[in-house]
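Hello,

Here is the structure you asked about, with the sequence alongside. My notes follow below it.

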Amino acid sequence: MKYTKSIIFFLILNLILVFSMIFIAKNTREIEKNNHNLKIKISKISENLKINKVELSAHQNSSYLKMLYELYFYVPQNKIPFIVKIDKFSNQEKNVKLVSSKN
């Protein structure tokens with residue numbers, strides 16, 4: 001009977017430690033989730049920065065800007081739809097400009 005008080009004390013101490021560890025583990029998991037979300041946001045922002053750098057280097061070329069303007073702001077002169085025939089499409093005499101970007 002002389003050890004009952006110490007046993008009860010250590011049991012209570014043990015329970016307090018277990019509950020505090022559960023509380024800390026829960027908070028740590030929330031912090032880990034927040035860190036993961038922040039890493040995803042950072043990777044998206046860095047990817048956008050890479051794209052913006054490519055666009056900046058492409059937009060410094062004035063002929064590229066002119067081609068983009070003609071591409072997006074093309075106003076047809078007549079109301080007749082433009083039909084491309086296969087022989088015109090396969091014509092090799094015309095210059096075809098391709099735009100590519102390398103990372």
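Of the 103 residues of the chain, 1% are buried, where buried means under 20% relative accessible area, exposed means over 50%, and partly exposed lies in between, with a 1.4 Å probe and protein chains only. The accessible surface is about 11000 Å², and carbon and sulfur atoms account for 64% of that surface; areas come from the Shrake-Rupley method with a 1.4 Å probe, and for residues only the protein chains shown count as cover.

Please note that this is a predicted model, in which local features need pLDDT of at least 70, side-chain atom pairs count only at pLDDT 80 or more, and totals for chains, interfaces and linings use all residues. Residues are numbered from 1 along each chain as its sequence is written, and side-chain values use heavy atoms, with hydrogens and water left out.

Confidence: pLDDT, the predictor's confidence in each residue from 0 to 100, averages 78 over the chain, and 66% of the residues score at least 70. The mean is highest in α1, at 89, and lowest in helix α3 (residues 86-89), at 60. Where pLDDT is low, the predicted coordinates should not be read in detail.

Fold: the chain has three helices and zero strands, in the order α-α-α from the N terminus. Both kinds of element are DSSP runs numbered from the N terminus, helices being H or I of at least four residues and strands E of at least two.

Surface patch: Phe 9, Phe 10, Leu 13 and Leu 17 make a nonpolar patch of about 410 Å². Patches take residues with over 30% relative accessible area and no salt bridge, joining like charges within 9 Å and nonpolar side chains (Val, Leu, Ile, Met, Phe, Trp, Tyr) within 5 Å. Phe 10 lies in helix α1 (residues 4-59) and is exposed, because its relative accessibility is 51%.

Aromatic pair: the whole structure has one. The ring centres of Phe 9 and Phe 10 are 5.5 Å apart and the planes are at 65°, so the pair is edge-to-face. Rings of Phe, Tyr and Trp (its six-membered ring) pair with centres within 6.5 Å; planes under 30 degrees apart are stacked, over 60 edge-to-face, and the rest tilted.

Salt bridge: there is one in the whole structure, defined as a side-chain nitrogen of Lys or Arg within 4 Å of a carboxyl oxygen of Asp or Glu. Arg 29 and Glu 32 form this salt bridge, at 3.6 Å, N to O. About one helical turn separates the two, because Arg 29 and Glu 32 are three residues apart in helix α1. Arg 29 is partly exposed at 43%, and Glu 32 is partly exposed at 47%.

Regards
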